[in-house]
Structure formats: C-alpha cells, structure tokens
Amino acid sequence: MNKRKKYVGLEKRKAVAGYLFIAPFILGFLLFMVKPFIQSLYMSFCEVEVGAANFTMHFNKVANYYFAFRTDPKYVSLLGTEIARMVIYSLAIIVFSFFISLILNQKFKGRALVRAVFFLPVILSSGVMLGLESNNQLIATLQQTVEDTTTGISVTDALQTILRTTGVGVKAFEKVFEIIDNIYDVALASGIQIIIFLSGLQTIPKSMYEAADIEGCTAWESLWKITFPSISSLFLVNWIYTVVDFCMRSDNEVIDKIQTVMIENLNYGAASAMTWIYFLIVIAFVGITGFIMSKGVYYYD
C-alpha cells in the first residue's frame, strides 16, 4: 500500500513538473494568440475592406472557401503537391535521423565532434544566423560559385536513365532520387530529431543487449526486438514535430500563395480561408497518423 502511494505521489510530481514546463507556452497562447486566432477564423467568412487606418469586415458566408477551392486556379493543386511533399520528406527525415542516431550512439573517436556537426545545421538555420547568412555578401557569393561549378552534376542521373529505359517503378524511384539529390535539405531538417532519438537510445539499458547476445540474438534481431520497442514513443514525437516543422518551411508554396493573395491582392478574407484550409488539413493529418502510430507505441515502466 505504501509503495502504491509513493508511486502515485511520484506520478503527481512528474505531472506538476510537466505542467510547469509548458506553462509559459500556455500563458503566451492565452494572452497573445487566442484573440488573433478567433479573428482569423471570423475573417475567413468575411469580405474585408481595407481603409486608410482600419478595416471593416462584412460577413459573406463561405464565399472565401468557394474562391479557394473553385475560383483560384492554383491553390488546390499547390495544396496537393505540398501535402504529398510533406509526407515524403517527413518519412525521409525520420528514417535518416533514426539511422544517424544509431551511428552516433556507437563508441568511436571524435564522437562528440560528429554529434556537434550534425546538430550544427539547427544553429545555422535559427533566426539570427539565418538573417546573418541572408545579408552576408560573401556567403551569397560562395553559394553562387558552388551552384555554378556543380551545374548539371547529379549522382543519380545514370540510374534514373536506366530505370526510365526499363520502365520499372519509375515514379517511385524518381521520388527516391529526388530525396537523394536533396539530401542536404533532409540533413538540415534532422538535427532535433537526431538529438531526440539519441537521447532515447541512451536510456536503453546495456544489460538488455547483453542478455540478447547471450541468447544468440543477432544485431538485426536486437534492433527490432529491443531498440524499436524501447524508443517507439519517440517516433511519434519526432513525426509530429517533423510534420509541423515542414509546414513552416520558407519554401512552402502554399504559404507563398497565401502571402500573395493577402499582400499583393489585398484579399485578406480569401487568404484567411486558405490558411484555415491548410491548417485543418495538416491538423487532421497529424491526428490520424498520430493515432495510427500510437497503436504501435510500446510504453514500459
């Protein structure tokens, strides 16, 4: 009975600690985000007239959503393209970050340096560094020089030509080769995921692997029977983070389209409707995939 009380007390303390960690976000959301959130939703059902010092909104039901789906010639196609791209690249990032974390979890000389190298893109892609990079003429010149000297060079061109000739799985292989050619972008977006996977791998007791070796398990069997179940919850965490992070990328064509409608066309109502459509699709996708993945998550005490 005393052990059960201690366990319940420990769980309550963990819950309190968790709420304290997320309290700044909750307070910030309630103070600064709730009102714009509701205004944006209402604006998506209105025709917005922009004046010299203010704007007025006239309720027009679902006209903005009709404009997004039926009138605008590009929005639906861009939406489908970006969702498909999000799925493919998110899967590539999860697979890449997991196997890199497996390598970085091994003991070898210079391991700390290699870990720092893989986490360096996270620092370089942060707000301040990104601003310095975009305003740095030297970096811009070097980038242009690299692009000019590597024009027309691709390690996958020969394989693509062979597969196109044979006609075997052309579309699937083209997506794979596209990811390979853009492996820098995949690695750049994998820093946080690698750290999360690595932290999970380091919590697995070595005695479990030693017992598996004694029983005659191979490294491949240990990967599926020990490693995967032990960090299965982190796959769910990284998947949600990766999908949300991808939707905030600067090269997102859907976001570019929304900004064009809002800034250039001054159609705030249609831009709000397009934003909410994209937001709801992403939330639904995260919810459905998260629910499916949660069924395979193994929680252990």
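Select Thr260 in helix H14, residues 253-264; helices are DSSP runs of H or I with at least four residues, strands are E runs of at least two, and both are numbered from the N terminus. The model is predicted: local features need pLDDT of at least 70, side-chain atom pairs count only at pLDDT 80 or more, and totals for chains, interfaces and linings use all residues. Residues are numbered from 1 along each chain as its sequence is written, and side-chain values use heavy atoms, with hydrogens and water left out.

Thr260 is partly exposed, at a relative accessible area of 29% (buried is under 20%, exposed over 50%, partly exposed in between, with a 1.4 Å probe and protein chains only).

Next, show H14 together with helix H15, residues 268-294. Their axes come within 8 Å and cross at roughly 160 degrees; axes are lines fitted to C-alpha atoms, for helices over the stretch in contact, and angles run from 0 to 180 degrees between N-to-C directions. H14 is therefore roughly antiparallel to H15 (under 35 degrees is roughly parallel, over 145 roughly antiparallel, 65 to 115 roughly perpendicular, the rest oblique). The crossing is left-handed, meaning that the near helix is turned anticlockwise from the far one by less than a right angle; clockwise would be right-handed.

For the H14 side of the contact (heavy atoms within 4.5 Å), select Val254, Ile255, Ile258, Val261 and Met262. On H15 they meet Tyr268, Ala270, Ala271, Met274, Thr275 and Tyr278. By class, this contact has 10 nonpolar, one polar and no charged residues; Ala, Val, Leu, Ile, Met, Phe, Trp, Tyr, Cys and Pro count as nonpolar, Asp, Glu, Lys and Arg as charged, and the others, Gly among them, as polar.

Move to helix H3, residues 75-104, and helix H13, residues 232-247. Their axes come within 9 Å and cross at roughly 135 degrees, so H3 and H13 are oblique to each other. The crossing of H3 and H13 is right-handed. Residues in this contact include Arg85, Tyr89 and Phe98 of H3 and Phe235, Trp239 and Cys247 of H13. The classes here are 12 nonpolar, three polar and two charged.

Then pick two cysteines. Cys46 is buried, at 0% relative accessible area, whereas Cys217 is partly exposed at 30%. The structure holds zero disulfides (pairs of cysteine sulfur atoms within 2.5 Å).

Finally, zoom out to the chain, with its 15 helices and two strands. Of its 301 residues, 28% count as buried.
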